[in-house]
Amino acid sequence: MADDYLVRIGKLIRDARQHRGWTQSQLADALGTSQSAVNRIERGNQNISLEMIARIGEALDSEIVSLGYAGPMHLRVVGGRRLSGAIDVKTSKNACVALLCASLLNKGRTVLRRVARIEEVYRLLEVLNSIGVRTRWINDGVDLELVPPARLDMDAMDADAARRTRSIIMFLGPLLHRMDHFKLPYAGGCDLGTRTIEPHMIALRRFGLDITATEGIYHAEVEPGVSPDRPIVLTERGDTVTENALLAAARHDGTTVIRNASSNYMVQDLCFFLEQLGVRVDGVGTTTLTVHGIPNIDVDVDYSPSEDPVEAMSLLAAAVVTESELTIRRVPIEFMEIELAVLEEMGLDHDRSPEYTADNGRTRLVDLTVRPSKLEAPIDKIHPMPFPGLNIDNVPFFAAIAAAAQGQTLIHDWVYDNRAIYLTDLNRLGGRLQLLDPHRVLVEGPTRWRAAEMMCPPALRPAVVVLLAMMAAEGTSVLRNVYVINRGYEELAERLNSVGAQIEIFRDI
């Protein structure tokens, strides 16, 4: 029991150190001890006093470590406040996790600029560190450096961290070129219903990968010398499926054609990154990708992922539901055009700046100013489609926006089994949402929001939608256990507070 306690304390210290962007050596210097001692503490291999825990907490400015517990994080929201000013969109969560997986293709040093500091990224870093990849935050914790070992130690994988991220499935594509057999834990992440990996397997079998699933583990076997003899046709135009196929094709010695590919934002960022590695990808932004793979990739690469259109949509929805004037900067406009077209038909009052280029040199950005608007429910239903349609992850935000509009809006979230159900949590806050079936919700507006205390939905986007409704509700609301929000958003509460929200982070003591 004592050993388990030390391991848990060690993980807390490691997480707090990584969140601060410090190396073990930097923490050791602050404590007046050695890097090896910090390493032992973080691994749970050294007894640690309450005084030392307090010193570490003070050095890392981390209340979690100074109190010595890892209770869930909650938010206390004082609603009814108007937002104002300007807020920047952070880099894409989904692009960053794909690029972390893609770094396994490279034998050289990979630097990713302005990586999202979110729990999903931290979980993948824990997995990468456990199998031997050296990672460190550089440039005051803004950028991330990754250096792979000559040989990955798959037996040492942090299975707990792997199970807490669905992104672990994207290890399959890079790893099939590095070893003949390996194991991966089942993928976790949001509770969005049953999701099969069969579409991934249909693509990856063409490279010789075969998987057997037993007791929560994927057992992967790779048959050497197998390569696609005709174009790979994906059975679903999924983002992670396309990314896995791209990752497998990148080190395939030859040309691979991928049809029915997603052309979404994170896929494009991955393609741009592969080009930095020397892999030519034709057809970026279309549903047919032609990958000219190279079997050995050993380069030092520096890449800047683009901004997150789903975070941009979140911030836009925050402005709408709080009836605020807010400027949202660095919006990747080509991945928001359908959403804005729908909102214009509903009556959204907004301006956009001239376009400029993201740091990756390819993605088009604008600054978007949203003003209080008298919205009307759309005539047609809100439903997602693969890019260039309305983004699947942006659909939940239309539930909050529709609740602010006059009339009835039908939302059809056909992709996920459970997500539409979570949107009815808005009824606890005064919403009038009727669940027609597991995929369709009828929203009646306008809404007079009211404060409430409730548990956070276990799915990322519905959880943020609930937070936005709390910001619009007069009075004080409490949203409990918000880990799922931290999976996908960097310091969301603090950043909303910077433009006028009043959100307090707290833990039960």
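1. A quick definition to start: a salt bridge here is a side-chain nitrogen of Lys or Arg within 4 Å of a carboxyl oxygen of Asp or Glu. Arg113 and Asp143 form such a pair through their side chains, with an N to O distance of 2.7 Å. Arg113 sits in the loop between strand S3 (110-112) and helix H7 (119-130) and Asp143 in strand S5 (residues 143-147), so the pair ties together parts that are 30 residues apart in sequence. Helices (H or I, at least four residues) and strands (E, at least two) are DSSP runs, numbered from the N terminus.

2. Before going on, a word on what we are looking at. This is a predicted model, in which local features need pLDDT of at least 70 and side-chain atom pairs count only at pLDDT 80 or more, while totals for chains, interfaces and linings use all residues. Residues are numbered from 1 along each chain as its sequence is written, and side-chain values use heavy atoms, with hydrogens and water left out.

3. Back to that first pair: how accessible are its two members? Buried means under 20% relative accessible area, exposed over 50%, and partly exposed in between (1.4 Å probe, protein chains only). Arg113 is partly exposed at 23%, whereas Asp143 is buried at 7%.

4. Arg114 forms a salt bridge with Glu307, and their closest N and O atoms are 2.7 Å apart. Arg114 lies in the loop between S3 and H7, and Glu307 in the loop between strand S13 (301-303) and helix H13 (309-321), so this pair ties together parts 193 residues apart in sequence. Arg114 is partly exposed, at 27% relative accessibility, and Glu307 is buried, at 2%.

5. The structure holds 35 salt bridges. Another of them joins the side chains of Arg480 and Glu453 (2.8 Å, N to O). A network of salt bridges links Arg14, Glu119, Arg123 and Glu126.

6. Now the sheet. Four strands form an open sheet with mixed pairing, in the order S9-S10-S12-S11; two strands pair if DSSP finds at least two bridges between them. Strands S9 (232-233) and S11 (280-282) are at the edges, each with a single partner strand, so one side of each is left without a neighbour in the sheet. Strands S10 (residues 255-259) and S12 (residues 288-292) run antiparallel and are joined by five bridges. Val257, for instance, has Thr290 in S12 as its bridge partner.
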